[in-house]
Structure formats: structure tokens, C-alpha cells
Amino acid sequence: DMSQPAQNRPGLATATAKPNQQKFSQQVLSQSAQLQSAQLQAKFADVPQLNVKADIGSKKGQLAQPLFSARQPRKIIRQDEVKQIAPAIEADKAPAASGISPEQQGLVKEIKSMRSMLQEQFACMAWSDMQQRDPKRTRLLRNLVNAGFSTALARQFLDKMPGDADMSWVNQVLTHNLHVATQAEDVVARGGVFALTGPTGVGKTTTTAKLAARAVVRYGADSVALVTTDSYRIGALEQLRIYGKILGVAVHAARDTNDLRVTLSGLKHKRLVLIDTMGMGQRDKRVKEQNGMFDAAGVQRLILLNSTSSGDTLEDVVGMYHGKGVIGCIATKLDEAVTLGAMLDVLVRHKLTLHYVANGQRVPEDLHEVNKAYLLHRAFESSVKPAAFAADDLDIPALMAGQDANGAMRRHSPAGAAHAA
């Protein structure tokens, strides 16, 4: 019964009406010490055999002994006392946030570096052993990596590869997993409203004109309309109007979501409406705004991928431009690309439907339907030729071991664990 006097409450320590300042200071110091110990314990919990201060002692990472002395009577802190102590505890959190000294931080860094080196060494030994036991499998792995495919996809091939597999098996698996638009899915054949999106210089305006030319040949100029949302680049509207004049197609401009809705409502009678968009780097914050504008207007999107880009760049582009309104992609600049493996790798892993490929600037000649056999032939044609950036058999163990070690470090890091979750 809390209404009784403190002296009459059984089991409670006696508290005077006006506690002295010394006892308050002890409470503040005790709370601060407990907070610092908990933070040190959390930071060193995953470091094996690390000797830290005596208050963090047991093998399980628990406190070696209570912070309160056995001789010191435990005091029940009332709510009004907590309010008085709280500011001092909050003020004491600032130095405790740093947690460990610079020497201990350096020790942790060295331990993590040693762990990474050991993981890489063991992985390199494992890959070297596989190379000696199964040189045929190593040769297939080398061809995949030199063609531009990621080590992640190459490792999946190795895990599922039968003992008698050769390059024909690799081509067969890639052919099965590469999604290509059917006649029913073709944007020109089915009609509708489509926006062509992608980074700067990928060929959006030229590809828009190529698709419009195909539609004009099939349905006539009156069934096609062109729209541009690019009000940033100088001459963007004029360039599309030149194409429209050549094809006999009307060209419209839209600046925002409301303007786009009004424009599209006036083009409902058109069989095909193609929207040319402003080129933006994939890390531009306006990419998200543009995707939201097309989603709000109910516009489906095609991502244009530059075949000359590296795998990491293509991965970044797809990650930023992808969304619920994306129905597939168009690969451009095949005539400039030396290897096609990176582009095919991204398509397979993200299960993107490939609608067309472009290999030049001519309108409409340089836009083609997808031929899987040709793409795979182009992809592996360069993998057997000597090149400055090509890996040989001696490089494969170190290359794969480095990827394994980096993957392990990402999985053990807090960011990697959050990403995996």
C-alpha cells in the first residue's frame, strides 16, 4: 500500500523526506556505469577472445558481478526522484556514446582485417583445389566471368552444373531464363500508352522515334502520337518535333502530372502513345518523382539499358528505375558494346522482359526484335579472345575468393544483415 508511510512499508528501504545530495550522486554514477558497461558489452560481443575491462568478464558476455555492492542497500527510486536524476543521466550519455578508446577501436579493426584475410585465403585454397580437380568446370566459369556475367550468377551455374556440362548447357540455361516479349506483349502490336525511361544518353528520343516509325508503317500516322516530358534539355521538344514532322505524327508536351493527364485524355483515340522522358542519372532524386508521376497517370514504362555500361552501373539503373509500372526494357548501343554478359546478367537476375534491341542511330532501321541465339553468341564471342581485362585460369581462384570474402563481410556487417533481413 503506497499510501502508508515509508517507515511502515515492509521490505522497502527507508527513505528520508529530503534525500541528501551524496545519495543522488551515487545513483547518477551507478546509472551511468551500467549504461557504459552495456554499450561496451554490445560492441565487443562479436569479437572473439577480446580482453576488455573487468566489469565485462564472462564467456557469454554477461556482467561479471552486479554493479550495486552487496553491502549497499538497494533503494527504490520514486517517480519524483527519477525526474531529478534523468537530466544528469542524459548529460552523461554523450561521453558514453563513444564507447571504446582509440586503442580498442584499432584492435577491433585489426581483428576484422585479419578475419577478412583468413576468409580470403581459405576461399582461394578451396577454389584452387576445385580448379585442379575439375578443370572443365573452371573453364566454364572463366568464360562466364570474361563474358561479363557476375560471379554471383556464375556461382549459381556451378552449383547446378552437371558433371558432363559444356557451353551448350550454359547457353541452354540462359536461353530458358532470358525473357523476351512475345507478339502479344509487343508494345507496337498491343498498343497503349508507354513511357521510355532511363539515364542520360541512353537513346530514349531516338528509340521513341524508331518505335513510332514501326507503328506508323503498321497503323498509319493518325493512330500514333508522341509526348515529351523533357522540359529541361535544350532542344528536346524541337528534336522530337522534327521526328514527328518526318513521320506525320502530332507531338505534345507535358510538364507535370496534371498536364500529362489532360494531354493523355485528349489522345484516347490514338492506338499508340509514346512518351519521351528527361534523361536523369539513376541517383537523381527526380527519378522517384518521375516514376510517381507515371504511376499516378497509369502509364506503363520501358527502361532503356545501355549495353556498354558495366554490370554495377546497370544494376544501379534497374534498381532505381524499376517499379510496378515497368513492363520490360530495351537494350541499346549493342553496336558499341564489346561484351553483352553484364546486360544479360541483369536481365536474368531481375527477370526483366526484353522487348527490342537497338544497334545504331538510324530510324527506324536500327531497332530489331530480340534474337536470343544472336545475343548469346555475341556474349561469349569475346570471352575466348585475349583481352587486357580478361581473367585467365590462374586469376580465377583469387577472383572468386575475393568475391566470397566480400560477401561474407557484407553478411557479417550490420548493414549487410539489415539488407538480408
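Reader: Hello! What makes the largest set of 45 residues a nonpolar core?

Author: In this predicted model, L344, L347 and L375 touch the most other members of that 45-residue core.

Reader: How do you know which residues L344 is in contact with?

Author: Leaving aside neighbours within four places in sequence, L344 is in contact with F149, L178, L375, L376 and A379, where contact means heavy atoms within 4.5 Å. Another core, of 25 residues, lies apart from the largest one and includes V188, F194, L196 and L304.

Reader: Why are β3 and β8 called edge strands?

Author: The open sheet has 8 strands, ordered β3-β2-β4-β1-β5-β6-β7-β8, with mixed pairing. Here β3 (250-253) and β8 (367-369) each pair on one side only. From one strand to the next, the twist averages 25°.

Reader: What makes β6 and β7 a pair?

Author: Strands pair if DSSP finds at least two bridges between them, and 3 bridges join β6 (residues 326-332) to β7 (residues 354-358), so the two count as paired. They run parallel, and C329 stands opposite L354 in β7. Helix α8 (residues 204-219) packs on the sheet, touching β6 and β7 among others, and its direction makes about 170° with that of β4.

Reader: How do you know that α12 and α13 cross, and at what angle?

Author: Both are DSSP runs (helices: H or I, at least four residues; strands: E, at least two; numbered from the N terminus). Their axes come within 9 Å and cross at roughly 40°; axes are lines fitted to C-alpha atoms, for helices over the stretch in contact, and angles run from 0 to 180 degrees between N-to-C directions. On the α12 side, G311, L314, E315 and V318 meet A342, M343, V346, R349 and H350 of α13.

Reader: And which residues make the contact of α10 with α11?

Author: Helices α10 (residues 257-265) and α11 (residues 286-297) pack at about 40°, axes 10 Å apart. T257, L260 and R261 of α10 touch M293, F294, A296 and A297 of α11.

Reader: What limits apply to the numbering and the model?

Author: Residues are numbered from 1 along each chain as its sequence is written, and side-chain values use heavy atoms, without hydrogens and water. Local features need pLDDT of at least 70 and side-chain atom pairs 80 or more, while totals for chains, interfaces and linings use all residues.

Technical notes: Core = buried A, V, L, I, M, F, W, Y, C linked by side-chain atoms within 4.5 Å. Buried < 20%, exposed > 50% of the residue type's maximum accessible area, 1.4 Å probe, protein only.
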